[in-house]
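User: Hey, I've just opened this one and I'm new to it. Can you walk me through it?

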Amino acid sequence: EGWVTLKGNRGTAFLEPAAKPYMILGEAPGGACLQQKMESGSETAGALEAGEVLEVLEGPRREPPLEVVRVRGKAKKDGKTGWVTLKDPSHGEPSFELCKLMICKGSIALTTAFDIAECNAVRKLEVGEHLEQIEAPREDEARKVTRVHVKCTNDGKQGWATMKGNQGTLYIAESQLHHTCRRTIPMESAFASGSKAVRDMEVGEILEVLEGPSTETKEGSMRARGRSLRSGQEGWFTVSNATLPWSPQYTCKKATELRDGPDAASAKVLRKLDEGEALEVLEAPAALSESSEAEGVLRLRLRAGKDGAIGYAEDRGAKGEVFLKPVIESQ
């Protein structure tokens with residue numbers, strides 16, 4: 001904070017009045033929200049919906065460049081290959097985590113029990129087979145071997161197998177290349193994130209890494225701090241193609257009353273606003289706060305286009321039905 005000169009001693013104006021900035025969310029993509037900090041991956045402060053009007057309190061300004069970790073991999077489900085984001089700073093948690101998958105490195109018997117002397121063979125494990133670990137590896141002290149309880153992913157058969165022989169031969173190894181998907185994320189055709197989608201990977205799917213990880217540096221998002229006029233919540237939001245300067249042009253979506261004052265209980269009805277009427281909002285919308293029933297309702301002072309009548313109306317009813325809707329024009 002500090003002092004600044006508005007006008008110089010020769011009449012030069014350094015600052016001039018400007019309208020208070022407002023923005024409107026034309027669309028509400030999945031996860032649109034206010035966040036607690038400027039960083040895109042910070043905790044959520046409140047949800048946003050399409051048509052939300054935001055008073056801009058700070059910004060917009062661009063956040064620092066983001067380093068996104070990408071890998072090329074193959075989906076175990078259908079063999080599709082492509083690039084996915086392993087870790088993105090805009091999300092608090094990694095998209096994938098290393099799964100407890102093992103790979104057969106040398107042909108070895110799958111048996112019914114831990115003790116080799118008291119077990120029967122289930123079948124032979126082949127080189128390259130994928131195995132799910134059921135129990136942590138255990139040492140057979142008498143025979144100086146390491147045994148592990150596993151489940152075959154190709155036929156579901158379970159049993160014990162020697163992981164490491166008494167001469168140090170490795171038959172089964174933990175995979176460092178297989179990861180489990182933790183959230184739905186696109187598999188894309190090229191290294192650059194946002195490339196043509198191959199398909200979405202779903203939660204729980206297994207990905208085998210073929211290349212990477214490699215770091216992609218992305219330009220940071222344009223961010224602004226604002227206050228929702230509907231909920232009163234404050235936080236940071238991303239300024240994108242879906243976020244436009246608020247326009248005072250509205251249209252009547254469902255017939256409602258135009259009143260001569262802001263207090264619905266005492267104001268007189270001037271006339272009915274008809275569906276399809278063009279309206280101009282004369283002041284920034286204000287949230288009602290008289291009762292819990294009015295939560296989320298905005299009061300508008302407006303002028304009707306067809307006869308110039310000026311009055312007050314609410315943008316929606318207490319049950320959520322929309323009366324007045326802003327006209328959103330894409331830039």
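This is a predicted model: local features need pLDDT of at least 70, side-chain atom pairs count only at pLDDT 80 or more; totals for chains, interfaces and linings use all residues.

User: OK, and what is the phi of Lys 144 near?

Analyst: Near 60°, which is a positive value in a residue other than glycine.

User: Is Lys 144 buried or exposed?

Analyst: Lys 144 is exposed, because its relative accessible area is 57%. The cut-offs are under 20% for buried and over 50% for exposed, with partly exposed in between (1.4 Å probe, protein chains only).

User: Let's go inside. Which residues have the most contacts in the largest nonpolar core?

Analyst: Val 53, Trp 246, Tyr 250, Leu 273, Leu 279, Leu 302 and Leu 324, in a core of 19 residues. A nonpolar core here means buried Ala, Val, Leu, Ile, Met, Phe, Trp, Tyr and Cys residues joined through side-chain atoms within 4.5 Å.

User: Which strands each supply at least two residues of this core?

Analyst: β1, β23 (249-252), β26 (278-281) and β28 (298-304). The biggest giver to this core is β28, with 4 residues. Apart from that core there is a second, separate one of 12 residues, and Leu 110, Leu 131, Val 148 and Cys 152 are among them.

User: Back to Leu 302. What does Leu 302 touch?

Analyst: Leaving out residues up to four places away in sequence, its contacts include Leu 258, Leu 273, Leu 279, Val 281, Ile 310 and Leu 324. Contact means heavy atoms within 4.5 Å.

User: Got it. Where does Val 68 lie?

Analyst: In strand β5 (residues 66-75). Val 68 is buried, because its relative accessible area is 1%. Although Val 68 and Lys 87 are 19 residues apart along the chain, their C-alpha atoms are separated by 5.9 Å. Val 68 also touches Thr 85, Asp 88 and Ser 214, among others.

User: New topic: charges. How many salt bridges does the structure hold?

Analyst: There are 22 salt bridges. To count, a side-chain nitrogen of Lys or Arg has to be within 4 Å of a carboxyl oxygen of Asp or Glu. One of them pairs the side chains of Arg 61 and Glu 58 (2.9 Å, N to O). Arg 61 counts as partly exposed because its relative accessibility is 36%, and Glu 58 is also partly exposed, at 28%.

User: What about Arg 182 and Glu 93, how do their side chains meet?

Analyst: In a salt bridge (3.9 Å, N to O). This pair links distant parts of the chain, 89 residues apart: Arg 182 is in the loop between β16 (178-181) and β17 (185-188), and Glu 93 is in the loop between β6 (81-87) and β7 (96-98).

User: And Asp 274 with Lys 306?

Analyst: Their side chains form a salt bridge too (3.2 Å, N to O). They are 32 residues apart, with Asp 274 in the loop between β25 (269-273) and β26, and Lys 306 in the loop between β28 and β29 (310-314). Asp 274 is partly exposed, at 31% relative accessibility, whereas Lys 306 is exposed, at 57%.

User: How many disulfides does a search of the whole structure find?

Analyst: The search finds 0. A disulfide would be a pair of cysteine sulfur atoms within 2.5 Å.

User: Last one: where is a cis peptide bond?

Analyst: One joins Gly 59 and Pro 60, with omega about 0°, and Pro 60 lies in strand β4 (residues 53-62). The peptide bond from Gly 212 to Pro 213 is cis as well, with omega near 10°. Pro 213 is found in strand β19 (residues 206-218).

Technical notes: Residues are numbered from 1 along each chain as its sequence is written. Side-chain values use heavy atoms; hydrogens and water are left out.
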